[in-house]
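Please open the structure in your viewer and keep the selection tool at hand. This tour goes from stop to stop, saying what to select and what is there.

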Amino acid sequence: MSKLRILYAATEIDPFLQTTKVAEFLRRLPQGMQEMGMEIRIFVPRFGIINERKNRLHEVVRLSGINIAVGEDEKPLIIKVASIPNAKLQVYFIDNEDYFHRKSVLVDKNDKFHADNDERAIFFCKGVLETVKKLGWAPDIVHCNDWMTGLIPMYLKTTYKKDPIFKDAKSVFTIYNNEFDYKFEGDIIEKAKMLDIDDEMLSGLKTADFGGFIKVGMEYADSVVKSDEDFSDNLNALFLEYSKSKQIGQVGADENLLTSYYALYNELAN
């Protein structure tokens with residue numbers, strides 16, 4: 001089997017930020033795959049709660065400076081990197097002053113959901129793909145984790161499909177029990193659009209909520225995986241709806257985790 005290139009996109013990773021199971025999964029899986037001979041890149045948002053000095057983040061000037069469109073707005077993309085202690089893994093942080101400098105993740109100090117979390121997600125998804133393009137690093141597998149990465153599989157099958165960097169990339173979308181009730185305001189479909197994308201392709205986003213991002217991720221990903229958590233009836237119903245048209249698996253957090261993903265990645269890439 002050839003040495004695969006795996007790109008991980010996620011909401012968080014231990015030790016930089018840990019609020020959900022995503023952080024520990026992202027800490028364990030990429031390192032395991034690297035030890036099994038795969039080449040790894042990891043991307044997460046640079047939420048303001050992450051201490052830059054303590055974690056030794058520094059800006060990569062040659063990758064920064066692209067403008068990312070979110071609807072009619074264009075926001076400058078800043079890329080920072082840091083290494084995971086005791087592992088030969090680098091993490092790329094997607095940053096922007098308007099979206100990621102507040103000292104919180106998805107909710108403010110009064111537990112109020114940030115109204116622009118949809119825009120932050122769109123900026124993150126587009127920012128990841130543009131940065132990978134600039135790196136000139138062609139991934140075989142793009143493994144997206146949690147709702148905030150849900151648009152990446154769709155962008156890979158549309159705007160970026162003919163790009164030499166992404167033309168052979170397959171996507172995996174893992175869903176976690178991180179549901180929220182908030183409904184986004186404004187025209188989320190217009191904000192999420194890119195080249196070669198029409199309204200119909202984004203119809204899953206019409207609900208403008210957590211389920212919308214999950215639907216789009218499931219619809220366009222080559223493989224969908226459930227995390228080993230208990231899910232709400234609502235989320236389970238979504239899975240049932242999509243499992244008729246594609247393979248949905250569940251990979252447990254046991255000792256088979258690494259071998260299961262190793263097999264899945266190789267199956268998708270070949």
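A residue is called buried when its relative accessible area is under 20%, exposed when that area is over 50%, and partly exposed in between, with a 1.4 Å probe and protein chains only. The model is predicted, so to speak of local features a pLDDT of at least 70 is needed, side-chain atom pairs count only at pLDDT 80 or more, and totals for chains, interfaces and linings use all residues. Residues are numbered from 1 along each chain as its sequence is written, and side-chain values use heavy atoms, with hydrogens and water left out.

Begin by selecting residues 5–227, which the unreviewed UniProt entry annotates as "domain: Starch synthase catalytic"; UniProt positions are given in the numbering used here, feature names are shortened, and annotations may be inferred rather than shown by experiment. The end C-alpha atoms of this span lie 22 Å apart, and the span is 29% helix and 22% strand. Here helices (H or I, at least four residues) and strands (E, at least two) are DSSP runs, numbered from the N terminus.

Next, select Asp14 and Pro15, which are joined by a cis peptide bond with omega of about 15°. Pro15 is found in the loop between β1 (5–9) and α1 (21–35). Most peptide bonds are trans, and most residues other than glycine have a negative phi.

With that in mind, move to the loop between α6 (188–192) and α7 (210–220), where Asp196 is found. Phi of Asp196 is near 65°, a positive value, and Asp196 is exposed, with a relative accessible area of 53%. Ala208 is found in the loop between α6 and α7 as well, and its phi, near 50°, is also positive, but Ala208 counts as buried at 8% relative accessibility.

Which residue in β5 is the bridge partner of Ile68? The partner is Lys75, whose charged end sits over the ring of Tyr99, 5.1 Å from its centre. A charge sits over a ring if NZ of Lys or CZ of Arg is within 6 Å of the ring centre and within 35 degrees of the ring normal.

For the aromatic rings, a search of the whole structure finds 21 aromatic pairs. Rings of Phe, Tyr and Trp (its six-membered ring) pair if their centres lie within 6.5 Å, and planes under 30 degrees apart count as stacked, over 60 as edge-to-face and the rest as tilted. Select Tyr261 and Tyr265, whose ring centres are 5.7 Å apart with planes at 40°, so the pair is tilted. They both lie in helix α9 (residues 257–269), 4 residues apart, about one turn of the helix, and both are buried. Then select Phe113, Trp147, Phe180, Tyr182, Phe184, Phe210 and Phe213, which ring pairs link into a cluster.

Terms used: Pairing = 2+ DSSP bridges.
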